[in-house]
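This report describes a single structure from its computed geometry. The sequence and model come first.

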Amino acid sequence: LGAPAAGLGAGGGGGGGLGGALFPTYLVSALEVLREFTIRVQCLVAVPRLRGPDALAPAQVYELDAAVAELAPLALIATSGVSAWICLSRDLDETGV
């Protein structure tokens, strides 16, 4: 986790120091949350197709459903944060900052 964040922070982020590494760290974290949420949802969607020995027990389906519900609020925050950063970055680029 430390290496990608340091690599992303080298090109920008403004100011250096702790503030310069804040966004790259947030970006890596947000992308990890979105990836994990996507994988959990894909697994939940695949449940009806599983048959025979691959089929999940009801308790396993319940746990998978709970895992998706548990991560949903964080995924929403990560999505809105990354989207807001993209919009802010675009607006700053347009104004020449």
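## Basis

This is a predicted model, in which local features need pLDDT of at least 70 and side-chain atom pairs count only at pLDDT 80 or more, while totals for chains, interfaces and linings use all residues. Residues are numbered from 1 along each chain as its sequence is written, and side-chain values use heavy atoms, without hydrogens or water.

## Chain overview

The protein chain has 3 helices and 0 strands (DSSP runs numbered from the N terminus: H or I of at least four residues, E of at least two). Buried residues (under 20% relative accessible area, 1.4 Å probe, protein chains only; exposed is over 50%, partly exposed in between) make up 19% of its 97 residues.

Of the contacts (heavy atoms within 4.5 Å) with a separation of 6 or more, 60% join residues 24 or more positions apart.

## Helix α3

Helix α3 covers residues 58–95, and its 38 residues should span 56 Å at 1.5 Å a residue; the end C-alpha atoms lie 55 Å apart, which agrees. The expected span is 1.5 Å times one less than the number of residues.

A kink of about 40° lies at Ala72, shortly before Pro73; the bend is the angle between axes fitted to the seven residues ending there and the seven starting there. Buried residues of α3 include Leu71 and Ala75.

## After α3

Val97 lies in the segment after α3 and is exposed, at 72% relative accessible area.
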